[in-house]
Amino acid sequence: MNITVIGTGYVGLVTGTCFSEMGNNVYCIDIDEEKIKSLKNGIIPIYEQHLEGMVIKNHNKGNLIFTTELEKGLSKSNICFIAVGTPMASDGCADLNVVFQVAKSIGELMSHDLIIVTKSTVPVGTGDKIDRIIQKELDKRGVNYKFQMVSNPEFLKEGTAVEDSMRPDRVIIGSEDEKTINMMKELYAPYVKNHDRFIIMDIRSAEMSKYASNAMLATRISFMNEIANICEKVGADVNKVRLGVGSDKRIGYSFLYAGCGYGGSCFPKDVSALIKTGEIAGYTPKILNEVENVNNEQKKVILNKIKEKFGEDLSNFSFGLWGLSFKPGTDDMREAPSVVIINGLIESGATVKAYDPKAREVAKDIFKGNENIKFFNSKYDVLNNSDGLIIVTEWNEFKSPDFNEIYHRLNNKIIFDGRNQFDKRLLNNLGFEYYQIGS
Ligand code: UPG
């Protein structure tokens, strides 16, 4: 098939590349000329496993084309995906300016009938708005090309984005037009082979499914973080409670890990946007508001533990920190708990030495000019002259460290673990004072 994907961010680039991998001809469009130039030269703006090789291979084969010319892509395509960002606006709503701008451009430039698919996470009713914008432009031009709107939310996770796209759990197709649905099924058939993973519904329900999925996952995390906070007070261990709870088939084990809060480009903004959607529609969400509140507090739990140990004034203290990205497998630091923890430490007078396998450069940009944080290329070097080790992200390389090395380099043999990576008894036996979340 011939496809245009508008937006070469996380979702657009991965989706477009995975479509090209199955032999489709894909035009990836972005208004950012520098980004398009880099992509043409095989320079990928994000770190994501398997992505670079796939981009270069398909670009060289000629079926993954990067261009700033939307008209060119549209003229050659039968399906156009909108995959631009919908960041959080200052009022907590999803900012749809770029989505609507793109819709207008499609209406101005399309030159034959099209299927137009919203991949971006957009609030319920946005599909209808896009429809009206495009139709208005077509009317202005006096042309009567037909187009069908589809909502096809994306469920890929950072760190496993390519795998998630190549083997999705489900493909939601929000459309009530049979021909369009069949075309979408044909496009996705190679990715869901041997499984009936298509879920067909109306556009509004598809849009809502995306928000409800992310909100459900965020709720599970905040719920377990709340249980963890109670566990600490009553002498229970959330790591064991998770097993006791997750073994119920109706509940399951995933997304029950207590920690120092969820981050990333999706959960915080999507929970916030869903709250706003409810409020605007006349319903004030209760659970969702608390999911957000619990998470904001949870990002400070490590900091509170450090202050309980060393006092409010941390002027004479220095800490080694492992993990800056919001989760392993990515260099993305959007809404990362590490930022809250580092800022809190520095505001209290401490200095920080940080290590992350992938996010160092991104972090250097965030903390540019700040003398109180230094970045290192080795996880052990951050420990020299440090009063404790703080673990914020559970990268694999932090899972079986050389405890002897940690012990000898640290001034105070203290570990604050925001991701509950180690066995408490083992660490205590090795001579560490070891703090976890929820035990
Ligand atoms: N997290 C926990 N405890 C858990 C699981 C996750 O604290 O038990 C945290 C994790 O550390 C991270 C955050 O939750 O900070 C989000 O993790 P994850 O969902 O793996 O990351 P994303 O890549 O943001 O993916 C989410 C959805 C995905 C969706 C995407 C964009 O999982 O389905 O496509 O957001 O909307």
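Predicted model: local features only at pLDDT ≥ 70, side-chain atom pairs only at ≥ 80, totals over all residues.
Local features need pLDDT of at least 70 and side-chain atom pairs count only at pLDDT 80 or more, while totals for chains, interfaces and linings use all residues. Residues are numbered from 1 along each chain as its sequence is written, and side-chain values use heavy atoms, with hydrogens and water left out.

**View 1. The largest nonpolar core and Phe81.** This core, a set of buried Ala, Val, Leu, Ile, Met, Phe, Trp, Tyr and Cys residues joined through side-chain atoms within 4.5 Å, has 37 residues, of which Val14, Phe19, Leu51, Phe66, Phe81 and Tyr188 touch the most other members. Buried here means under 20% relative accessible area, with exposed over 50% and partly exposed in between (1.4 Å probe, protein chains only). Helix H1 (residues 10-21) gives the most to the core, with five residues; helices (H or I, at least four residues) and strands (E, at least two) are DSSP runs numbered from the N terminus. Beyond its neighbours within four places in sequence, Phe81 is in contact with residues including Ile3, Val5, Phe19, Val117, Met184 and Tyr188, where contact means heavy atoms within 4.5 Å.

**View 2. Residues where helices H9 and H12 meet.** From H9, Ala215, Ala218, Thr219, Ser222, Asn225, Glu226 and Asn229 meet Ile287, Leu288, Val291, Val294, Asn295 and Gln298 of H12.

**View 3. The surroundings of Ser386.** Ser386 lies in the loop between strand S11 (373-375) and strand S12 (389-391), and counts as buried because its relative accessibility is 0%. Although Ser386 and Leu410 are 24 residues apart along the chain, their C-alpha atoms are separated by 5.4 Å. Leaving aside neighbours within four places in sequence, the contacts of Ser386 include Ser318, Phe319, Gly320, Lys353 and Leu410.
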